[in-house]
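Dear colleague,

I am handing over the structure below, and my notes on it follow. Please keep it open beside this message while you read.

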Amino acid sequence: MTHDPPSTPPPVRTIWNRVLCVAVLLAGSGVPLQAGAGDGRIVIRYWEKWTGFEADAMRSVVDDFNASQGRIFVEYSSVSQIDRRLMLATAGGVPPDVAGIWAANLPVYAENNALTPLDGPARERGIHRGAYIPVFWDMCHYRGHLWALPATPASVALIYNKKMFREAGLDPERPPRSIAELEAFNGKLTRRSASGRLQTIGHLPEEPGWWNALWGFWFGGKLLEGDSRVTADSPENLAAYRWVQSYPERFGAENLLAMRDGFGNFASPQNPFFNGRVAMILQGNWIHNFIRNYAPPDFEWGVAAFPSSDPSNPQAVSIVECDILVIPTGAKHPGEAFEFIAYVNTRAPMEKLCLLQQKFSPLRECGPEFFQGHPNPHIRTFLDLAKGPGARTAPAVTTWNEFKSDMGNAVSRIWAGKAPAQDALGDVQKRQQKNLDRRIERWRRIAPAHTKSWREQ
Amino acid sequence: MTGHRNSRFAQALIYGALVLAAIAFLTPLAWMVSTSLKPLNETMSLPQAWVPSRICWENYPDSIREMHDFWRYAGNSLLLCLLSVTGTVASSALAAYGFSRIEWKGRDKVFFVLLATMMIPFPVVMVPIYGLFKELGWIGTFKPLWVPAFFAGAFNVFLLRQFFLGIPKEISEAARIDGCSEFGIFLRVILPLSKPALLIVGLFQFLYTWNDFLGPLVYLTEQKNFTLALGLQSFQSQNGGTSWHHLMAASTLIVLPVILLFFFTQKSFIEGVATTGRKN
Amino acid sequence: MTKRDRHNLLTGLLFISPWAVGFLAFCAYPLAGSLYFSLCDYSALSPAVFIGGQNYRDLATDGVFWTALYNTLFFAAFAIPLGLVVALGLAVLLNFNVRGRGLFRTIIFLPSLVPMVCLAVLWQWMLNGELGLVNTVLNPVLGVINGILGTDWPAPNWLADARFAKWGIIFTVLWGAGNAVVIFLAGLQDVPRHLYESADIDGANFLQKTIHITLPIISPVIYFNMIMGLIGSLQVFAVPFVMTGGGDGPERSLLFLATYLYQNAFDYWNMGYACAIGVILFLVILLLTLAACKLSERHVFYAGK
């Protein structure tokens with residue numbers, strides 16, 4: 001018995017053929033991505049995390065650089081999940097020449113030999129600590145070497161809704177100066193509905209809760225002593241997280257959960273701070289741009305240092321972060337890459353970049369025109385916080401990602417009323433000390449080879 | 001099961017259930033399209049409004065522009081899909097035939113090994129595979145994305161094997177008696193009888209490759225080589241501030257071709273040729 | 001071995017050679033590599049240092065790992081049967097000769113076509129405790145139930161409540177049942193019509209036809225979907241990962257084994273530890289699949305064997 005195979009219906013076959021041709025044509029068409037670079041210049045690949053207006057700001061500086069000289073051409077790419085992709089590319093032997101990552105990533109990359117040390121080139125160009133706000137220069141160091149140069153900085157502060165203050169009978173020009181005062185204001189600003197549900201609240205550590213791991217700073221505590229001792233459950237940290245714990249105790253864990261679930265997205269008019277449900281938050285200098293886009297037009301806001309627990313020692317404490325520029329190991333043109341990074345770190349381009357991104361500059365010197373033209377009316381406050389002695393940074397250890405995750409989980413448990421601060425922090429302490437010990441052990445093993453190669457570069 | 005014997009009541013019941021299911025499955029997508037036509041400040045508002053205050057048709061061309069190289073990415077995606085589909089269907093069918101229509105010593109044991117390979121979670125083998133591609137110098141090219149398709153993924157072999165096993169042995173035996181080679185039986189007897197299954201494999205592979213962003217994320221480094229799914233990532237900002245309206249508009253554009261593809265091919269692989277081999 | 005047998009062996013091996021080469025290159029070699037790395041302290045950019053079974057010892061005392069294991073097994077235990085029932089139910093529905101069934105089939109399959117990032121955002125909105133669509137529909141239903149039973153159950157705060165977060169993920173994953181539906185549909189086509197016709201003549205009703213004709217004939221397809229469901233749900237990663245923005249949900253209730261693996265590999269740069277988790281995950285999947293195969297083999301009926 002033979003079986004005549006039915007053939008493919010003709011229309012399908014020709015459709016496939018046509019589609020294949022089109023695909024090959026489209027993919028093969030060599031439409032260049034950016035103008036230029038066909039003129040024999042050295043092309044530097046620059047991977048950056050920014051999108052939207054922040055990307056446009058950097059693109060403009062890149063264009064200036066490309067126009068200012070004829071030897072190097074920088075090709076800017078917006079890359080999502082840049083920390084993971086940079087690692088993969090560097091491990092795969094095809095890293096970009098310049099990458100924009102966060103200062104918090106620095107220890108991991110540096111310790112694992114993923115970055116090119118910049119001490120030599122910086123020294124040759126006369127780039128030194130004195131030109132910077134110290135905390136940002138220090139952030140670019142790890143284990144005694146310089147690994148990056150700052151791009152754009154950030155600091156956090158107490159942002160408060162002046163209108164809500166006025167309505168609650170508080171002086172809108174007088175933000176709280178201590179945690180005790182914060183809680184007193186909190187009481188005045190909190191409103192409940194007839195059924196007991198929370199309508200508005202003065203302050204909520206979980207809103208937005210982006211620095212939940214670091215509340216200890218405002219209580220005089222820190223998470224790491226030296227570079228090898230984890231102090232998650234130190235008395236100061238315990239005090240901080242008992243303060244966090246007081247929220248579900250006072251307001252009820254269920255009430256808080258229900259309230260938070262009605263909060264809209266961060267970048268929307270239903271952001272609880274914009275639509276008057278939360279009066280005071282801990283946020284960074286970028287909040288200005290979001291207020292402009294999403295808050296009602298009559299929104300009045302003030303900025304002050306987030307209060308500390310000890311009113312007799314009123315240090316203006318703030319957490320500072322920084323976007324940094326690095327040269328991965330194995331970059332094809334490290335020398336030219338550094339020229340670009342150094343260019344960004346001179347006054348005029350840096351001020352242009354920071355102004356367009358609506359941030360402040362990490363350089364010590366800053367012209368008055370910068371502040372005159374600045375869209376953020378409170379930028380000076382943020383700058384002063386970064387310059388002051390109260391500027392704090394997240395622990396510069398390679399285990400920070402895991403540490404932060406553990407702390408987040410601890411806060412989650414405290415918040416839901418599932419564990420008291422003592423236990424939650426105790427668990428973190430145990431796990432993270434063990435983790436850090438393990439990493440230090442690994443470092444001891446690979447240190448000789450790494451430090452030798454760093455010194456030679 | 002044909003429906004012509006069902007009562008009116010049964011018909012209504014079936015129809016009702018289908019409509020309910022359709023609503024359940026369609027709602028989120030309807031929201032995706034609705035969001036794609038909203039201005040940015042309405043996209044993430046709660047409570048959700050289905051109809052935007054004004055219909056922003058411009059979101060579509062805007063999103064294409066914001067992705068910088070939409071048509072190039074589309075071409076890349078299409079090329080990768082076609083290569084993958086060809087490789088997958090060809091290699092999987094061959095392997096599935098070997099596992100089902102020929103009796104050879106140790107076949108079932110080797111098949112169990114194949115089953116076992118499906119249990120290997122991708123992140124586990126990702127690092128050594130990445131190292132392998134690095135040694136071959138393929139990182140940054142398209143090769144890691146389509147060459148493995150020519151080596152018969154376990155899922156597709158398993159699927160096709162199950163279908164091939166459903167074809168009665170007598171058909172193969174008869175062809176063998178007629179003097180047909182194994183490859184001849186494969187090509188002229190089994191393949192045509194398995195059109196639905198082959199179409200499914202091809203379709204799934206197309207969809208997978210079209211929407212795959214993890215592979216391109218890891219292996220592609222040059223922006224000009226990006227695929228559409230990867231390009232979609234460029235709308236997501238890391239500190240809040242995603243342009244949802246553009247993201248949804250671009251997603252709708254990306255989803256549209258596959259929806260059409262599915263709609264026009266589903267008839268041919270669900271109905272039709274499959275049943276002809278069963279009559280005897 | 002007879003000449004016939006030898007011929008069959010060679011032909012068989014030839015046919016499966018594409019798979020065999022791929023297996024060696026993309027499975028055996030990387031798996032061996034991962035196994036080796038699981039016995040090392042390795043962070044991708046530094047050379048791996050052999051430390052023996054240290055990673056496994058650490059896993060045994062790692063509370064987070066056991067949480068991840070529990071979450072994964074819980075998820076699989078519910079997602080697999082629900083997935084099979086929903087997919088088969090939909091396939092049977094879509095197999096009836098109603099008008100516009102092509103349209104219905106496309107609609108059911110649509111969610112599988114949507115890019116992951118959109119899917120996650122859509123469902124995040126749908127599952128919102130106060131204003132999401134799911135609760136908007138659920139609230140009146142709960143009101144009726146509460147009224148009848150005199151209870152006071154609120155609509156849960158799906159993704160923010162550790163007790164219900166996994167159910168939120170299960171619903172999201174069910175929505176992608178289109179793949180399994182399509183496979184069931186193709187299988188349903190294979191059922192010879194004359195069997196139904198004879199059953200009708202014998203006076204069988206719908207349920208009897210389903211149990212005695214449909215299910216046995218499509219049992220290879222059910223078996224396939226079950227195995228795939230098992231393997232897939234034990235490896236669940238993408239949906240919860242994108243929905244939590246790379247995190248692990250309230251009190252780690254959405255931390256699955258694959259998530260923990262990914263975190264260790266790419267967030268904490270603990271590749272060796274991650275590979276150890278991977279090996280354990282692989283063993284879990286292997287053992288459960290073996291068990292599933294053994295238990296169901298006698299229920300599966302092959303026309304071609």
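What pLDDT does chain B average, and what percentage of the residues score at least 70? The average for chain B is 80, and 86% of the residues score at least 70, where pLDDT is the predictor's confidence in each residue, from 0 to 100. This is a predicted model, in which local features need pLDDT of at least 70 and side-chain atom pairs count only at pLDDT 80 or more, while totals for chains, interfaces and linings use all residues. Residues are numbered from 1 along each chain as its sequence is written, and chains are lettered from A and ligands numbered from 1 in the order in which they are written.

Within chain B, confidence is lowest in helix H2 (residues 40–43), at a mean of 69, and highest in H4(B), at 92; helices here are DSSP runs (H or I, at least four residues) and strands likewise (E, at least two), numbered from the N terminus. Over residues 272–280 of chain B the pLDDT is below 50, and this stretch has twelve contacts in the model beyond near neighbours in sequence. Where pLDDT is low, the predicted coordinates should not be read in detail.

Turning to the interface, 87 residues of chain B are in contact with 77 residues of chain C, contact meaning that the C-beta atoms of two residues, placed from the backbone, lie within 7 Å. H1(B) supplies the largest share of the side of chain B that touches chain C, namely 14 residues. That side divides into 62 nonpolar, 16 polar and nine charged residues, with Ala, Val, Leu, Ile, Met, Phe, Trp, Tyr, Cys and Pro counted as nonpolar, Asp, Glu, Lys and Arg as charged, and the others, Gly among them, as polar.

In chain C, helix H13 (residues 257–267) is largely enclosed by the rest of the structure, because ten of its eleven residues are buried (20 or more other C-beta atoms, placed from the backbone, within 10 Å of a residue's own). Among these buried residues are C:Tyr260, C:Gln263 and C:Phe266, and just after H13(C), C:Trp269 takes a positive phi of about 60°.

Chain A also has a mostly covered helix, H3 (residues 82–91), with eight of its ten residues buried, including A:Ile82, A:Arg85 and A:Leu88. H3(A) is followed by A:Gly93, whose phi is positive, near 80°.

With best wishes

Key
Buried ≥ 20, exposed ≤ 12 C-beta atoms within 10 Å, placed from the backbone.
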